[in-house]
Amino acid sequence: MGTTNVLGLAMAFAQAAAVFAQGAGEAKANVTPRSAASRLVVMPASDLKWADLDPTGAPGVKIADLWGDHSKGAYRAFFKLPAGFAVPLHTHTYDIKVVIVSGTYVQGPEGKPEFRLGPGSYFMQPGGNYRHTTSCDTASDCVFFAESNGKFDLKLVDAGKTPPR
């Protein structure tokens with residue numbers, strides 16, 4: 001499947017995730033077709049604005065915010081990890097909901113077997129004291145959609161270790 005098709009599929013997942021995230025009871029009772037059309041957002045894959053997540057601490061990792069700003073608060077974004085990229089044991093402050101778009105994403109919860117997820121897979125990563133490693137299989141880059149109610153952060157468990165490569 002080509003990158004454009006994969007990102008199109010990811011956009012469909014992202015839109016579904018946004019709808020589910022709104023929660024029950026939040027729908028407006030008297031929404032007219034005109035007001036619905038005025039809220040339409042369309043973002044072709046070619047319009048995504050990829051930026052470096054952290055060139056020093058996470059070289060090669062890219063992010064494309066779709067809604068919100070990952071550095072300030074709640075966000076929905078695509079992340080891209082280079083093939084073979086790995087982060088040592090760490091935590092995040094906020095829960096992160098993730099849908100894998102391409103590649104094989106690998107996570108190792110502390111004290112438990114790692115899990116490997118391919119395209120179309122979903123997981124909810126708890127914030128707080130959930131300690132884990134994160135990596136991307138060496139076969140290809142990993143792209144995933146993520147959403148969180150708080151800003152993105154990554155706290156290394158042993159901050160004295162070498163940054164991820």
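Two strands pair if DSSP finds at least two bridges between them. Keep that rule in mind during this tour of a predicted model.

**Stop 1**

Select S3, residues 75-81, and S10, residues 142-148. Seven bridges join S3 to S10, and the two strands run antiparallel.

**Stop 2**

In soluble globular proteins, nonpolar side chains tend to be buried together. To view the largest nonpolar core here, start with Tyr75, Phe79, Leu81, Val98, Ile100, Phe144 and Ala146; of its 20 residues, these touch the most other members. Strands S2 (58-68), S3, S5 (96-102) and S10 each supply at least two residues of this core. Which strand gives the largest share? That is S3, with four residues.

Next, centre the view on tyrosine 75. Leaving aside neighbours within four places in sequence, tyrosine 75 has contacts that include Asp65, Trp67, Ile96, Ala146, Glu147 and Phe152.

**Stop 1: the salt bridges**

Side chains of opposite charge can pair when their charged atoms come close. A search of the whole structure finds seven salt bridges; the tour visits some of them.

Select lysine 72 and aspartate 69. They form a salt bridge, with the closest N and O atoms 4.0 Å apart. Lysine 72 is exposed, at 69% relative accessible area, while aspartate 69 is partly exposed, at 26%.

Select arginine 76 and glutamate 147. Their side chains meet in a salt bridge of 3.5 Å, N to O. Arginine 76 lies in S3 and glutamate 147 in S10, so the pair ties together parts that are 71 residues apart in sequence. Are these two residues buried or exposed? Both arginine 76 and glutamate 147 are buried.

Move on to arginine 116 and aspartate 137, whose side chains meet in a salt bridge at 2.4 Å, N to O. Arginine 116 is in strand S7 (residues 115-117), and aspartate 137 is in the loop between S9 (132-136) and S10; the pair therefore ties together parts that are 21 residues apart in sequence. Arginine 116 is partly exposed, with a relative accessible area of 45%.

Salt bridges that share partners join Arg76, Lys97 and Glu147 into one network.

**Stop 2: the disulfide**

How many disulfides are there to find? The count comes to one. Select cysteine 136 and cysteine 142, which the disulfide joins with an S to S distance of 2.2 Å. The angle about the S-S bond is 95°, and the link is right-handed. Cysteine 136 and cysteine 142 are both buried.

Key:
Residues numbered from 1 in each chain as written. Predicted model: local features only at pLDDT ≥ 70, side-chain atom pairs only at ≥ 80, totals over all residues. Heavy atoms only, no water. Core = buried A, V, L, I, M, F, W, Y, C linked by side-chain atoms within 4.5 Å. Buried < 20%, exposed > 50% of the residue type's maximum accessible area, 1.4 Å probe, protein only. Contact = heavy atoms within 4.5 Å. Disulfide = S-S within 2.5 Å.
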